[in-house]
Each structure stands twice: as C-alpha cells, then as structure tokens.
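User: Could you go through a model with me? I would like to talk about how the chains meet.

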Protein chains: 4
Amino acid sequence: MDLLKIQSLTTLSDTQSERDHRRIAIDRVGVRNLRYPIQILDKANSTQSTVATVQLTVDLPHHFKGTHMSRFVEALHAHGPVLHVRNMGALLRSLRARLDSDAAHVDFEFPFFLEKTAPSTGAKGLMDYLVRLSAVSQRDREDFVPTVVVPVTTLCPCSKAISDRGAHNQRGQVTFSVRSEQPIWIEDLIRLVESCASSELFSLLKRPDEKVVTEHAYDNPVFVEDLVRNIASRANAEHGILGYRVEAENFESIHNHSAYALVEHRWAG
Amino acid sequence: MDLLKIQSLTTLSDTQSERDHRRIAIDRVGVRNLRYPIQILDKANSTQSTVATVQLTVDLPHHFKGTHMSRFVEALHAHGPVLHVRNMGALLRSLRARLDSDAAHVDFEFPFFLEKTAPSTGAKGLMDYLVRLSAVSQRDREDFVPTVVVPVTTLCPCSKAISDRGAHNQRGQVTFSVRSEQPIWIEDLIRLVESCASSELFSLLKRPDEKVVTEHAYDNPVFVEDLVRNIASRANAEHGILGYRVEAENFESIHNHSAYALVEHRWAG
Amino acid sequence: MDLLKIQSLTTLSDTQSERDHRRIAIDRVGVRNLRYPIQILDKANSTQSTVATVQLTVDLPHHFKGTHMSRFVEALHAHGPVLHVRNMGALLRSLRARLDSDAAHVDFEFPFFLEKTAPSTGAKGLMDYLVRLSAVSQRDREDFVPTVVVPVTTLCPCSKAISDRGAHNQRGQVTFSVRSEQPIWIEDLIRLVESCASSELFSLLKRPDEKVVTEHAYDNPVFVEDLVRNIASRANAEHGILGYRVEAENFESIHNHSAYALVEHRWAG
Amino acid sequence: MDLLKIQSLTTLSDTQSERDHRRIAIDRVGVRNLRYPIQILDKANSTQSTVATVQLTVDLPHHFKGTHMSRFVEALHAHGPVLHVRNMGALLRSLRARLDSDAAHVDFEFPFFLEKTAPSTGAKGLMDYLVRLSAVSQRDREDFVPTVVVPVTTLCPCSKAISDRGAHNQRGQVTFSVRSEQPIWIEDLIRLVESCASSELFSLLKRPDEKVVTEHAYDNPVFVEDLVRNIASRANAEHGILGYRVEAENFESIHNHSAYALVEHRWAG
C-alpha cells in the first residue's frame with residue numbers, strides 16, 4: 001500500500017463512527033449469508049472439509065451510528081479455516097475486541113458427513129446432515145449450542161394398526177439443539193436422534209440391506225410425537241445435557257403437508 | 001398528469017431507445033419473479049383466486065440498446081386478473097405490440113386447488129398443486145404448454161418383494177408438461193398423473209380412509225420408472241396429446257437423496 | 001356413509017388415544033406447510049384473495065400417545081376462508097375444543113398486495129409483500145402477532161460520503177413484528193417500514209418516476225442500523241404498540257453476503 | 001460378508017431386472033440431490049474442498065423394468081473425491097458399464113471460492129460462486145458443459161442519465177454456460193463475466209476500496225441487456241468457445257421483481 005493510499009484512507013470520512021442521537025441500542029448487527037470454507041474436527045480426530053454459511057453479529061451501543069462491517073470478515077479470516085467447539089470462543093473474543101462491543105454471536109451452518117455401513121452387506125456410504133454451531137459471548141458468559149438436522153424414516157403406528165397390509169412411511173426431519181456441561185460430538189447427537197426413529201437413512205443400500213431396513217422400520221413404528229418423546233427421554237437420561245429443543249417434521253407420504261411436533265426442556269432462545 | 005410532468009417526460013433522455021452497435025440480438029428480455037394475484041377458470045366453470053409468479057419476455061433486435069421494462073407490467077395490468085388458456089394469446093399479442101417485437105413468452109406459476117373426497121368416509125378436503133402455464137408467440141406460431149406438479153405416494157416394488165412385512169414408501173413429485181390439439185383442463189392432467197401412482201394424496205383423511213389409502217398403495221407398488229411409464233402410456237393413449245415431458249422424483253424414505261426418471265416424447269423446449 | 005363404513009370406523013383401533021408412559025408432555029404438535037386459499041380483510045374494508053401456508057398446533061399432555069392430525073384440517077375447513085385479526089380467536093378456540101388441549105398456536109403466511117401510485121406520473125401498480133399472522137391461545141391468555149416482510153431500497157451513507165459520484169444501493173428486506181393494544185392494519189405496518197428506508201419499492205415506474213425515486217434514495221441514505229433504528233423510533237412513538245421486533249437484511253450490491261441488524265423492544269417469543 | 005448373506009443376496013427377487021412390456025424407453029433415470037464432498041482442481045493447480053449436489057442418470061431400454069439405483073452411488077464412491085474436467089469422462093464410462101446403458105449424464109453443483117484482492121488497500125478476501133459441471137456420454141460422443149453463476153453489481157444507465165444525482169444499482173446474477181474446444185478454467189469464465197458488469201463483488205472492502213468500487217460502478221452503467229451482450233461479445237471473441245448460453249437477472253433495488261435477459265449462441269440443451 002503506497003503513501004497515497006494511506007493518505008486517502010486517513011482522510012476519508014468515517015460515517016459509521018459518527019455519534020447517533022436516536023438513543024436506540026442495537027441488539028445485533030453484522031454480516032449474514034457469508035459462505036466460507038471450513039474444516040470441522042470430528043470424533044475420529046480427523047478434520048472434514050465443508051462449506052459453511054456464516055452469520056457474525058455484535059451489539060451496538062446507542063451512541064454509535066454504525067458498526068464496521070469489514071471487520072467481521074477480517075475476524076473470520078484471521079481465525080483460520082479450522083472450526084471446532086473449543087476454538088469458537090476465540091472467534092467470539094476477537095469479534096468483541098475488533099468491534100469494541102459487549103456481546104458477540106456467531107453461527108456456522110454446514111453439511112456434515114458420516115460414513116455408514118449398510119446393515120446386511122456392510123457396504124460403505126457417506127450420509128449427509130446439516131449442522132449448525134451457534135455461540136454467544138456476553139459479558140462474562142459464553143454459551144454454545146450445537147444443532148443437528150437429521151433425516152430419518154418414520155412409519156405410522158396408526159396406519160400399521162388399522163391396515164391389513166403395509167403402513168405408510170416417509171422421510172422425516174429432526175432438528176435437535178442442546179446445551180451441555182461438556183462439549184458433545186456432533187456424531188453422538190446424530191446417533192442419538194437416529195436411534196429414536198423407525199429407521200436411520202443410508203446413502204448406499206443393496207437389496208439385502210433394503211430388506212433389513214424395510215422390516216426394521218415396520219417393526220418400529222413412530223408417530224412424530226413418539227419421535228420427539230424418544231429423543232427427549234434419551235436426552236433426559238444423558239447426564240451432561242442441561243437443556244434441549246427437539247422438533248420433528250414428517251413429510252407425510254399420504255398428505256402434501258407435514259406432521260410436526262416440538263419439545264423444549266430448560267430452554268431459552 | 002400536468003404539463004410540467006409531460007414536459008419532463010418528453011425531455012428525459014431515453015437510453016433504452018438508443019442505437020446499439022454490438023450487433024447481438026437478445027433472445028429474451030423482460031421481467032421475472034413478479035408476484036401477481038390472478039383468477040383461474042377451472043373445469044367446473046368457476047374461477048379460483050390464487051397468486052402467480054410471473055415471467056414476461058420478448059426478443060430484442062440487435063440495433064436497440066434496451067427494452068422498456070415498465071411496459072411489461074403495464075401489459076399485465078391491462079390484461080386483467082382473469083387468466084385461462086383462451087386469453088393468454090391476447091396477452092402475448094399485447095406484449096408484442098407494446099414492445100414492438102417478433103416474439104413474446106409468458107409464464108405463470110401458481111398454487112392450484114382441487115376439492116377431494118376421502119375414499120371411505122367421504123370427508124371433503126382441498127389438495128394443493130403447483131401449476132405453470134407457459135405460452136409463446138413467435139411470428140405466426142403460438143405455442144401453449146401447461147405443466148402440473150403433482151405430489152403422489154410411491155411404494156417401492158423391490159422393497160415389497162424382498163421384505164417379509166411392509167414396504168418403504170414416500171412422497172414423490174411428478175412434473176408433467178404437454179402440448180395438445182385442444183386445450184386440456186388442469187384437473188384432467190392432475191387426475192391422469194394421480195391415477196398412475198401407488199396412491200394419490202389427500203389433505204383430509206379419517207382413520208377408515210387412511211386404511212384404504214395404505215392398502216391401496218401396498219397393492220399398487222411403483223418404481224419411479226413405472227410412474228413415468230404409466231403416465232407416458234396414458235398420454236400416448238390420449239388422442240389430443242401431441243407431445244409431452246414427464247419427470248418423477250421420489251423423496252426416498254430410506255435415503256437422503258431422490259430417485260429420478262424422465263421420459264420425453266415429441267418434445268422440444 | 002353406509003353401515004359397513006360406520007362399523008369399520010368404530011372398530012378400527014385408535015392408536016393415538018392410547019396411554020403414553022414416557023411422562024413427556026409435548027409443547028406443540030400439529031400440521032405444518034399446509035397450503036390453503038384465504039381472504040384477508042384489508043383496511044379499505046374489502047377482502048383480497050391469497051394463498052396461505054398454514055401451521056396449526058396444540059399442546060399434548062404427557063398421558064396421550066398422539067394427537068388427531070385430521071382434526072386440525074377439519075377445524076380449518078370449518079373456519080371458512082375469510083381470515084382477519086378479529087376471527088383468529090375463533091379458530092384458536094375451535095382447535096382447543098376439538099383437540100381437547102390447553103393451548104393452541106396458528107400461523108398464516110401469505111403474499112399480500114397494495115396498490116401504489118408512482119410518485120411522478122401517478123401510474124398505478126400492485127406491490128407484493130409477505131405477511132404472517134400468528135396467534136396463540138393459552139389458558140386465559142390470547143396473543144396476536146402480525147409480521148410484515150417489506151422489501152425496500154437502502155443507499156449506503158458511507159459510500160455516498162466517501163465517493164465523488166454515486167453511492168451503492170440495493171434491495172433490503174425488513175421483517176417487523178408487533179404486539180399492540182388495538183389491532184393494527186397490515187397496511188399501516190408496511191407504510192411505517194417503507195417511510196424509514198432510502199426509498200419504498202414499486203412494481204410500475206415510468207422514467208419520470210424512476211428519476212424521483214433515484215434522487216429520493218440518494219438524498220436519504222440509510223445503513224441497515226439506521227433502518228432498524230428509524231423503525232424502532234417510529235414504533236416507540238406509536239401509542240398502541242406495546243413491543244416489537246425489527247430485523248433488516250441488505251442484499252449488498254457490492255458483496256455476496258448481507259448486512260444485518262436487529263432491535264427487540266419488550267419482546268418475548 | 002458371510003455365506004448366509006451371500007445366499008440371501010442370491011435368492012432375493014430382483015424386481016428391477018424383470019422384463020417390462022409397456023415398450024417405453026426411459027430417457028434418464030438415476031439419483032438426484034445427493035450431497036457429496038469433492039475436491040476441485042483449480043487453475044493454480046491446487047485443489048479446493050467443497051460439497052457438491054450430484055445428479056447421476058443413464059438411459060433405460062424399454063425392456064428393463066428398472067435400473068439399480070445403488071450402483072450410481074457405488075460408481076461415485078469408486079470415482080473418488082477429486083473431480084476435474086479431465087476425469088469426468090471416467091465417471092461417465094463407469095456409469096455406462098455398471099448400468100449397462102448407452103448414455104450417461106452427470107451434474108455436480110457446488111460452491112467455489114476465489115481469493116480476491118481489494119482494489120485500493122489490497123486486502124484479501126474469499127469470494128464464493130456457484131459452479132455446475134455437467135457431462136454426457138452418449139454412444140461415441142462426450143459433451144462437457146461448465147456453468148458459472150456469478151453475482152455482480154449492475155448500475156442502471158437510464159437512472160444515471162435522467163437523475164441529477166445517484167443511480168439505482170443492485171446485485172445481479174449471471175448464469176453462463178459454454179462449450180469449448182479445450183477445457184476452460186472455471187476462474188477464466190468467472191473473470192470473463194465479472195469484467196462485463198458495472199463492478200465485480202468482493203467479500204472484504206475497506207473504505208478506500210468501497211470508494212473505488214462505488215465510482216467504478218457509476219462510471220460503467222449496464223442494463224441487463226448490456227451485461228449479456230458484453231459477455232456474448234467477449235465469448236464470440238474467444239477462439240476456443242464454440243457455443244454459449246448467458247442469462248442475467250437483476251434483483252432490482254427499486255422493484256420487488258427482477259429484470260432478466262438471455263442470449264444463446266449455437267446452443268442446444
């Protein structure tokens with residue numbers, strides 16, 4: 001950067017730093033829908049590469065006219081691509097320092113993959129999930145909330161009970177957020193959800209596997225209500241989970257609308 | 001509009017009408033993603049009110065710098081809210097006249113509703129579909145293509161054949177476009193598609209209806225391949241249908257991806 | 001319905017009504033993503049026809065295995081198509097009665113249209129907005145929250161201040177929810193938001209109008225922070241508004257991400 | 001896989017391989033909306049990791065009842081994660097061999113990143129694009145079509161010409177597909193598009209950069225028509241480009257709809 005540019009930088013007016021007189025503090029201000037390549041540390045202690053949609057915000061006291069949007073992007077770059085539960089705090093603190101603010105929020109939403117083994121043939125395939133890592137730093141408090149969005153099979157108990165043959169089933173989707181004493185692996189949250197459905201999903205199933213999966217789902221019917229209750233029961237039994245929110249939505253195969261259920265336990269925001 | 005405004009209108013430069021020298025004609029130019037309330041004339045000879053997402057375009061000869069975007073919206077307003085197969089030609093001709101062009105394309109995409117009767121209890125409910133009406137006027141030729149997007153149940157024949165009990169099924173979606181000698185009612189296209197699936201969908205089913213629907217689907221398994229072939233067979237047998245394109249996508253209940261099939265017959269564009 | 005059907009109805013097992021032993025109450029259960037044609041009463045005391053995406057839920061005590069999903073659709077049909085602030089309470093009470101529950105939530109989201117007059121030529125056009133009407137009935141309390149999603153123009157004050165000519169501007173989107181003593185017209189909420197931006201949007205502008213709109217936006221630059229503060233100031237000054245939540249997102253013309261700001265005032269949920 | 005499983009595999013009925021009698025060949029059948037992590041070889045000869053949404057299809061002769069969906073996923077796994085122009089042919093041939101078919105289509109759509117340097121301060125940032133690589137193998141012919149979806153700034157020439165100050169501008173989006181004699185780098189297609197707009201976009205701009213970008217856009221106004229023509233002119237001048245399709249959509253800052261233009265040159269499908 002040559003001298004002329006530095007001079008220009010110095011003399012350009014800084015509208016954002018002007019004083020604001022409306023006396024209205026802003027709860028959250030920043031950038032949203034920013035795509036960024038990241039690497040997630042997974043339970044097997046290796047990293048997987050993925051692409052996140054990122055939201056970064058801070059609070060803004062009432063006397064500042066505006067925040068400096070470019071500093072959010074700079075903080076993200078300075079953080080580097082590797083993201084995991086333990087280093088999100090550093091990004092929060094960097095945002096608070098660069099933006100001179102009392103609170104910072106970050107959200108990363110990204111596809112996440114697990115290798116799965118088909119139940120009969122043992123064929124390997126990659127299943128995709130959507131994961132969101134949200135974290136807040138406010139005064140002395142840090143809050144961290146992982147969310148997994150897990151597609152599952154649900155088979156209707158009523159349809160099975162009343163029909164002479166078959167039972168309607170469909171893809172459902174569970175959105176499960178937790179707060180916990182200790183960091184929880186994304187894989188463990190996904191597995192918890194999958195174990196509560198009529199069946200988990202796979203990307204690769206050969207015919208013998210399809211037979212196992214079909215019969216397993218038929219033998220384990222769940223309403224959308226059962227699904228959220230099964231997950232709630234499992235979460236209640238996990239010592240480290242302090243609170244949770246679980247939503248399930250069934251993309252009904254016999255309707256063009258969804259069945260939906262929600263349970264929250266010791267949950268705020 | 002007073003004199004001052006008229007004067008202002010006259011003296012404002014008209015950049016769009018300037019001469020262009022790049023010698024590149026534009027195939028289609030206009031407006032897209034315009035929401036507009038419309039009324040569709042249905043088979044029962046009544047109109048249903050809905051909201052369309054509209055695209056209106058014309059061609060632009062190489063020597064004009066730009067089209068006049070506001071005229072598309074004016075043509076739409078002048079056409080009025082009632083839309084049906086027989087009056088789309090008037091809109092096309094109005095666009096060609098107002099924009100002084102040799103070709104015009106219009107597309108209206110909107111939710112469309114049919115009242116359905118549940119198969120056992122006779123309970124009434126409204127099922128929603130997505131419909132697209134596309135029309136082109138080019139020189140002496142007018143072309144009209146209705147498309148229906150129909151959600152259905154598909155039950156997997158392989159899963160049924162290999163499993164001791166149950167069979168995976170799911171919501172699927174068929175996109176069916178036709179060209180025909182005579183205008184075809186949207187209702188008839190939807191009914192044609194629904195008759196080719198494992199089951200049609202309903203918004204309202206009581207338990208006795210759910211039993212009928214479950215068993216009917218189990219008794220009529222279709223692969224995504226069967227679904228498009230059944231529809232193609234039915235379309236081949238309809239005298240008035242000159243050509244068609246049919247796509248089916250199954251939102252598989254055992255996978256997180258879709259199964260997909262396509263058949264085109266005497267189809268271009 | 002003949003005798004055989006009635007008998008069948010009587011003897012079919014009712015899985016949903018069985019007793020559940022997991023001791024987990026469900027906060028919300030019901031249907032989601034149900035499309036339904038509705039009519040909205042607007043300020044001019046006429047109704048406009050549109051299509052809503054509907055969510056209807058109730059709570060479910062811990063001892064019931066499941067809710068009866070078809071009753072939600074029946075309650076909606078029984079309510080009839082006309083929806084406005086004053087009759088949403090009837091739908092809530094109908095849901096609570098039919099589902100025998102202590103709380104009910106309803107959400108209707110739909111496109112809504114306002115006729116606008118272009119600022120110079122007076123040309124008329126229809127502008128579309130997204131509106132959400134949410135209502136809750138819980139024990140003795142009823143809560144009603146209208147939300148408007150309003151697209152606007154925002155012109156960057158910093159870009160204007162530092163540049164010798166021009167200023168970047170873009171489409172922004174404001175999501176504004178309120179609680180109020182008296183019902184508020186959707187039109188008034190939209191107008192409040194539009195008056196706080198660099199410019200409102202129009203579907204139809206002739207060249208003299210485009211000149212007015214361009215210069216008006218240039219003369220009224222707003223950051224995303226200014227936009228939410230202007231709206232908050234206006235809402236604070238309205239006597240009837242008890243609390244609000246206002247979000248603004250700018251689809252930046254110089255970035256591929258958004259600028260975002262949020263202010264909440266006496267707001268929960 | 002033990003003996004029992006192999007036996008089971010042998011004796012399970014293979015519905016897909018049954019003979020079909022409807023005499024309707026299927027143009028395309030396979031899997032869609034499959035997420036898969038891939039690595040793209042870029043011009044700097046390094047690879048970037050991203051996540052693709054994949055579609056894989058083959059044709060199906062009229063006498064086969066169904067295809068074997070799991071083989072598509074197996075072919076993808078066998079191909080490995082690294083994807084580039086030169087190895088897509090291998091995947092096509094693998095699909096044709098595994099599915100015993102005469103034609104295969106593959107589509108990979110994924111976010112792609114370029115590092116950019118801000119025009120005044122030299123600050124570095126990552127810009128994201130959407131890229132689609134499509135390839136077809138049919139009899140002796142292989143066809144390869146890369147598509148880039150490039151967000152840009154467009155500033156309206158008419159608004160600038162008629163207004164005393166300012167000019168409306170917005171984010172636009174160009175979708176550009178080509179066929180070429182030699183493989184073309186994704187980076188080169190993106191750069192070609194960006195050079196034709198009022199301004200390219202950046203993820204990171206400091207104030208001196210924002211000044212440059214604002215003034216550059218004001219000095220280079222383009223209609224949506226100019227944008228597609230500029231790109232067409234550039235493509236016509238590139239010796240290696242045999243045909244192309246270019247679409248531009250402006251998310252107008254003064255309207256809630258888009259302006260749209262399309263040019264095709266020696267283009268089919």
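User: How many residue pairs are in polar contact across the interface of chain C and chain B?
Analyst: Across the interface of chain C and chain B there are 11 residue pairs in polar contact, both residues being at pLDDT 80 or more; a polar contact is a pair of N or O atoms within 3.5 Å, where within protein one must be able to donate a hydrogen and the other to accept it, and residues adjacent in sequence count only if both atoms are side-chain atoms. This is a predicted model, in which local features need pLDDT of at least 70, side-chain atom pairs count only at pLDDT 80 or more, and totals for chains, interfaces and linings use all residues. Residues are numbered from 1 along each chain as its sequence is written, chains are lettered from A and ligands numbered from 1 in the order in which they are written, and side-chain values use heavy atoms, with hydrogens and water left out.

User: Which elements of chain C give two or more residues to the side that touches chain B?
Analyst: Helix 1 (3-11), strand 1 (26-41), strand 2 (47-60), helix 2 (69-79), strand 4 (103-117), strand 5 (124-138) and helix 6 (207-219) of chain C do so, where helices (H or I, at least four residues) and strands (E, at least two) are DSSP runs numbered from the N terminus. Helix 2 of chain C gives the most to that side, with 5 residues. By class, the residues of the side of chain C that touches chain B are 13 nonpolar, 12 polar and 10 charged, with Ala, Val, Leu, Ile, Met, Phe, Trp, Tyr, Cys and Pro counted as nonpolar, Asp, Glu, Lys and Arg as charged, and the others, Gly among them, as polar.

User: And how much area do chain C and chain B bury between them?
Analyst: They bury about 3,000 Å², with 62% of it on carbon and sulfur atoms; buried area is the accessible area (1.4 Å probe) that two parts lose on being put together, summed over both. C:Leu12, C:Arg35 and C:Arg207 supply 18% of the area that chain C buries against chain B, more than any other three residues. In contact terms (heavy atoms within 4.5 Å), 35 residues of chain C meet 35 residues of chain B.

User: How many salt bridges are there between chain C and chain B?
Analyst: The count is 6 salt bridges, a salt bridge being a side-chain nitrogen of Lys or Arg within 4 Å of a carboxyl oxygen of Asp or Glu. B:Asp128 and C:Arg35 meet through their side chains in a salt bridge, at 2.9 Å from N to O.

User: What does the side chain of B:Arg207 reach in chain C?
Analyst: The side chain of B:Arg207 reaches the backbone oxygen of C:Ser13 at 3.1 Å, and a polar atom of that side chain lies 3.5 Å from the backbone oxygen of C:Leu12. B:Arg207 sits in helix 6 of chain B and counts as buried at 17% relative accessibility, because buried means under 20% relative accessible area, with exposed over 50% and partly exposed in between (1.4 Å probe, protein chains only).

User: Switching to B:Thr50, which residues does that one touch?
Analyst: Leaving out residues up to four places away in sequence, B:Thr50 touches B:Tyr36, B:Pro37, B:Ile38, B:Ile40, B:Phe110, B:Pro111 and C:Val51. B:Thr50 lies in strand 2 of chain B and is buried, with a relative accessible area of 1%. A polar atom of the side chain of B:Thr50 is 2.7 Å from the backbone oxygen of B:Pro111.

User: Now the other pair: what area is buried between chain A and chain C?
Analyst: Chain A and chain C bury about 4,200 Å² between them, and carbon and sulfur atoms give 52% of that area. In chain A, the residues that lose the most area to chain C are A:Arg32, A:Arg229 and A:Tyr260, together 18% of what that side buries. The contact takes 54 residues from chain A and 54 residues from chain C.

User: How many salt bridges are found there?
Analyst: The rule finds 10 salt bridges across the interface of chain A and chain C, including one between C:Glu247 and A:Arg32, with the closest N and O atoms 3.5 Å apart.

User: Last topic: what rotation superposes chain A on chain C?
Analyst: A rotation of 180° with 0.0 Å of shift along its axis does so, at an RMSD of 0.0 Å, with copies superposed by least squares on the C-alpha atoms of residues with pLDDT of at least 70 in both. That is the relation of a two-fold axis, and 100% of the contact residues of chain A recur in chain C, the same surface serving both copies.
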